[in-house]
Amino acid sequence: MKRILLSIFTLIGIFALAGCQHTHQWVEATCISPKTCSTCDETEGEALGHQWIEATCTAPKMCSVCHTTEGSKKAHTVSSGEGIPKCTECNEFVVELTAKDVQYDMGNNVNQYFTLNGYAELDDYYNYGFDSSIEQDYFCLNVTPTGGGYTDQWYIYCHRNSFQKVLDKAKDQGGIYVDMICMIPSFRFEKNQQNMANLQSIRY
């Protein structure tokens, strides 16, 4: 009887060992996980660790392999010269004021750069400090801001020599989507005027 029981236990042990043996299906190590068998979850070695690219003014610290990010973007380094403020590292314009900011505090924001993006169509509206005396040198775009309505529209006056390509495209297409930097010059500003400004820079 003892021999029979011993044989039975031996067979059970053999089958048990045989059941535990298989060909691993390895998934290669990643930044956060070691090499791992997809069948039995056995691991081998260690995680590779992130390959960090340091933060810039346009992107936070990021792993070049898995694209995980950490922290936030660096602040822009803004030039102190004349004209639209520009970052010396990424070469992008740095303008914090928006058209909405200026719309509700116009008198305190003359001679200040502000951003405006939306859908622009040619217009023939000239009034206040932007009257018909400037029409020979400036064409007018009526811009409906993204997410805005009729009361948020801006009349933007664009110098014909500087922005001739914009004029041509607006005429050809009937309207264009724009990303602008604008300014209300103090010498043109009049109290109670509508949303009216000069174009300084544009992407379309």
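The legends below describe close-up views of a predicted model.

**View 1. An open antiparallel sheet of three strands.** The sheet is built from 3 strands in the order E1-E2-E3, with antiparallel pairing. Strand E1 (26-27) and strand E3 (43-44) form its edges, each of them pairing on one side only. E1 is joined by 2 bridges to strand E2 (residues 35-37), and these two strands run antiparallel. Within this part of the sheet, Val-27 is placed opposite Thr-36 of E2.

**View 2. The salt bridge between Lys-61 and Glu-70.** A search of the whole structure returns 5 salt bridges, and the contact between the side chains of Lys-61 and Glu-70 is one of them, with an N to O distance of 3.4 Å. Glu-70 is partly exposed, its relative accessible area being 42%. In general terms, side chains of opposite charge can pair when their charged atoms come close.

**View 3. The salt bridge between Lys-74 and Glu-89.** The closest N and O atoms of Lys-74 and Glu-89 are 3.9 Å apart, and the two residues form a salt bridge. Lys-74 lies in the loop between strand E6 (69-70) and helix H2 (99-103), and Glu-89 lies in the loop between E6 and H2, so the pair ties together parts that are 15 residues apart in sequence. Both partners are partly exposed: the relative accessible area is 42% for Lys-74 and 48% for Glu-89.

**View 4. The salt bridge between Arg-203 and Glu-92.** The side chains of Arg-203 and Glu-92 meet in a salt bridge with an N to O distance of 2.7 Å. Because Arg-203 belongs to strand E11 (residues 196-203) and Glu-92 to the loop between E6 and H2, the pair ties together parts that are 111 residues apart in sequence. Glu-92 is partly exposed, with a relative accessible area of 32%.

View 5. A disulfide is a covalent bond between the sulfur atoms of two cysteines. The count of disulfides in this model is 0. Cys-37 takes part in no disulfide, and the nearest cysteine sulfur, that of Cys-40, is 3.7 Å away. The cut-off requires the two sulfur atoms to be within 2.5 Å. For Cys-158, the closest cysteine sulfur is that of Cys-140, at 7.4 Å, which is too far for a bond. Cys-37 is buried, with a relative accessible area of 0%, and Cys-158 is likewise buried, with a relative accessible area of 0%.

**View 6. The buried and exposed faces of helix H3.** In helix H3 (residues 164-173), the buried residues are Val-166, Leu-167 and Ala-170. These residues span an arc of only 100 degrees around the axis and therefore sit on the same side of H3. The face turned away from the buried side carries Lys-165, Asp-172 and Gln-173, which are exposed.

**View 7. The surroundings of helix H3.** Gly-174 follows H3 and has a positive phi, near 85 degrees.

Key
Residues numbered from 1 in each chain as written. Predicted model: local features only at pLDDT ≥ 70, side-chain atom pairs only at ≥ 80, totals over all residues. Heavy atoms only, no water. Pairing = 2+ DSSP bridges. Helix = DSSP H or I, 4+ residues; strand = E, 2+ residues; numbered from the N terminus. Salt bridge = Lys/Arg side-chain N within 4 Å of Asp/Glu carboxyl O. Buried < 20%, exposed > 50% of the residue type's maximum accessible area, 1.4 Å probe, protein only. Arc of directions from axis to C-beta.
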